[in-house]
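Grab a pencil and have a look at the model below. Try each exercise yourself before you read its solution.

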Amino acid sequence: MTKKWVYLFEEGNAKMRDLLGGKGAGLAEMTNLGLPVPPGFTCTTEACLEYLNNNNTLPEGLWEQVLEGMDKLGKKMGRKFGDPSNPLLVSVRSGAKFSMPGMMDTILNLGLNDESVHALAAKADERFAWDAYRRLVQMFSKVVLDVEGHLFEEIISRIKQEQGVKTDPEISAAGWQKAVAEFKAVTKRETGIDFPQDPWKQLQLAIEAVFKSWNGKRAVDYRNATGISHKLGTAVNVQAMVFGNVGNDSGSGVAFTRNPSTGEKDFFGEYLFNAQGEDVVSGARTPTEVHKLKDEAPAAWEALMNVARILEQHYREMQDMEFTIENGKLYMLQTRNGKRTAAAAVKIAVDMVNEGLITKEEAVSRIEHFQIDQLLHPRFDPEALKKAVKLTKGLNASPGAAVGEVYFDADTAEKKAKEEGKAVVLVRPETTPDDVHGMLAAKGILTQHGGATSHAAVVARQLGKPCVAGAEEIKIDLKARQFTVKGVTIKEGDVISVDGATGEVYQGAIPTVAPNFDEQTDLKTILEWADQIRKLQVWANADDPQQAARARSYGAQGIGLCRTEHMFLGERTEKFQEAILAETPEEFDRVLNEVLLPLQREDFYGIFKVMDGLPVIIRLLDPPLHEFLPSQIELTEEVARMEGAGQTNTPEYAKKKKLLAAVNNMHEFNPMLGLRGCRLGIVMPGLNKMQVRAIFEAACDAAKEGVVVKPEVMIPLTSHVNELKHIQPLLEEVAEQVMAEKGIRVEYKFGTMIEVPRAALTAGEIATVAQFFSFGTNDLTQMTFGISRDDAERKFLLRYADEGDLNILPKNPFQTLDEEGVGKLIFMAVQDGRKTRPDLEVGICGEHGGDPASIDLCHRAGLNYVSCSPFRVPIARLSAAHAAIKNR
């Protein structure tokens, strides 16, 4: 039995999107609802795939089913396809499951030829007939035969000039007749073949062109960018023509049941009288605002309003509709869920819940995580972007929009920002902890090198600064204080605009729009509904009271990572260097207790006050000590320069020499796997003891003021349970001692960070000591894959993953958790840890904690919480709800 390749509109329905495509399913559903839809049929997506997989040959039985469909269509319309005296004309449109701008354009008026155009003129109007014919030749030649569209537009412009008119509707019948002749000549010249006069040949070539367009570059690029599968295929919709250009009581339009920009419940759209559909969207004529239709065609307006109400109630979603009015009668050509801005999406979802159309869970499901991102970060004015000059595109490391003058070092950036009040963009080959003060002062950051978890990316997200990293196309000349890209030179002081959401960098200043979270009541409502659905708690990474306050205002339920090393950056770096450079144990202890302890205690006290009643996980010092010192290469060069200049007797030389000696002494070939984390705490316990004392002194002081404090102390980089058995009792002893001194007890926990595969594999043993686990997934990913994240992203990983040409990994594992490897370790560690300690608290504190796909994995693994940068807390709240809905 021959497979069914063709479905009449009345044979389909909205649930058949996979087979009929979105457009075909919409037309079928409207037909079944009794709405005024011109009759037609759909060639299925399966037919498309069969055609493409069979060397571009029509599937067996397809053409016979098309002929049968055309016969039925002709009987419904009282006309016959190919009949020169009473021709049936049709449109041919593509229609994949998902709306795809890269697919084939529409062809209208198919079936006309040199003979039938006269019959159409006799029945209707000569000008209308020749206008319809020229549209067919123009569209068919451009879409099916790949003739350049501008060749036809040039002819139309010349004819308007010859006739002394300004718009297409003013061109006479003779003008369009001349255009048809010239269009056919262009087609012959450009393709070597005549425009086909056989209507059946026109139809076959049009259907095949739609099928072929599925693999066209535009369509493939669009699917790659949006994550749409290449295995879906596209349907072909063949529909009887209705004409909006038959006279002044006819027209075409596009409308939305609600405003797609604001979400307001206000009918929105445009139309043109005496026009076909492509005239409305082409921009050749200025359309009329749709509400004016009420005065110009009251009956059509009332019919359109009725259709809009029916469709929105039926689909329970804002609809995007195409319509044509022929001789005063309304016809519907398409309906689909309307595209909308992030602000409109949130408002429409909330309003539809309040109207009883959808549930709260459906409303939460309809909001995408990237829409939250767009709402919470400054963004460029979309209209201004259209005119902007793009310089380059890098990695979209931290979302938001920034405009500022370019400066190439942190000191100058800070000076320009603080002393001169300038908006600055810090541009560096890559950033280091030495650049933090410049990053704080900057509006945005641009780096030539680095990836999604590079220093620039991680710190920028933490600070909420827009950042584009790894823009390898730019070439920075630090000596000349400039960078070049594509022949353009940007000098220090020049203005650029950085879009951290897209990774794009523009020349000059682009106006921005800065949202306010507190004012976004609809968004807050959506997130409150998400909170009612999700199982995972959402905590935040915060290193000071300001970040903690921001996180809490965004709905964070705790601090999942307070990185104590960040408290020693900027102006405090020199104070920490005092401890590193201490020449005696006594001097080391003095600096710890007199200089660093008060600073740490003050920071922790501020965080506890802000997070009153919520848990705060504080990670003890993690990085190797040399990261707090200048680079070995820079110091060596500076010392050599001073020696060459005869400055060896100066205090500055003595300081540099001492620093260099310390750096050389601490040098490691692989510092990431060297003396850091718990190893540093075991070898130099005074550092960790000082930090624990600062934590508990601050906690006790806050508790005495009535603050409910819940400190959780995290020991980093554990790989063996014996490391915890060695260090944790020493630190617990300090905690108990401080509480005894203060005369008050606070609730607390000690736990560890699971960053090493061995720790995950032996989680059952480690849980005998640790009261909580926190997965440090950045390092866990590095060690599981055996790659350096910065080097890998800079040199090969971007080619491995996502849109890279090698296609080895589905996603960058430093942006989305690798489920088969790292994910398996997480699942195993959770299960083994809770076998030992059933009430084990488990979370994740890497940047994966703000990634929706990674949050879904964490939900399935049974974690208690995810922790991310403050600005990603709303995204995590939504994504955790999505995970709960998906995995029921």
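This is a predicted model: local features need pLDDT of at least 70, side-chain atom pairs count only at pLDDT 80 or more; totals for chains, interfaces and linings use all residues.

Residues are numbered from 1 along each chain as its sequence is written, and side-chain values use heavy atoms, with hydrogens and water left out.

**Exercise 1.** Find which residues of H20 are buried and which are exposed.

*Solution.* Step one: locate helix H20, residues 521-533 (helices are DSSP runs of H or I with at least four residues, numbered from the N terminus). Step two: pick out the buried ones, meaning under 20% relative accessible area with a 1.4 Å probe, protein chains only: Leu523, Ile526, Leu527, Trp529, Ala530 and Ile533. Because they span an arc of only 155 degrees around the axis (using directions from the axis to the C-beta atoms), they sit on the same side of H20.

**Exercise 2.** Classify the ring pair of Tyr51 and Phe211.

*Solution.* Step one: recall the rule. Rings of Phe, Tyr and Trp (its six-membered ring) pair if their centres lie within 6.5 Å; planes under 30 degrees apart are stacked, over 60 edge-to-face, the rest tilted. Step two: the centres of Tyr51 and Phe211 are 5.3 Å apart with planes at 45 degrees, so this pair is tilted. Tyr51 belongs to helix H2 and Phe211 to helix H8, 160 residues apart. Both Tyr51 and Phe211 are buried.

Definitions and conventions
Helices (H or I, at least four residues) and strands (E, at least two) are DSSP runs, numbered from the N terminus. The expected span of a helix is 1.5 Å times one less than its number of residues. Buried means under 20% relative accessible area, exposed over 50%, partly exposed in between (1.4 Å probe, protein chains only).
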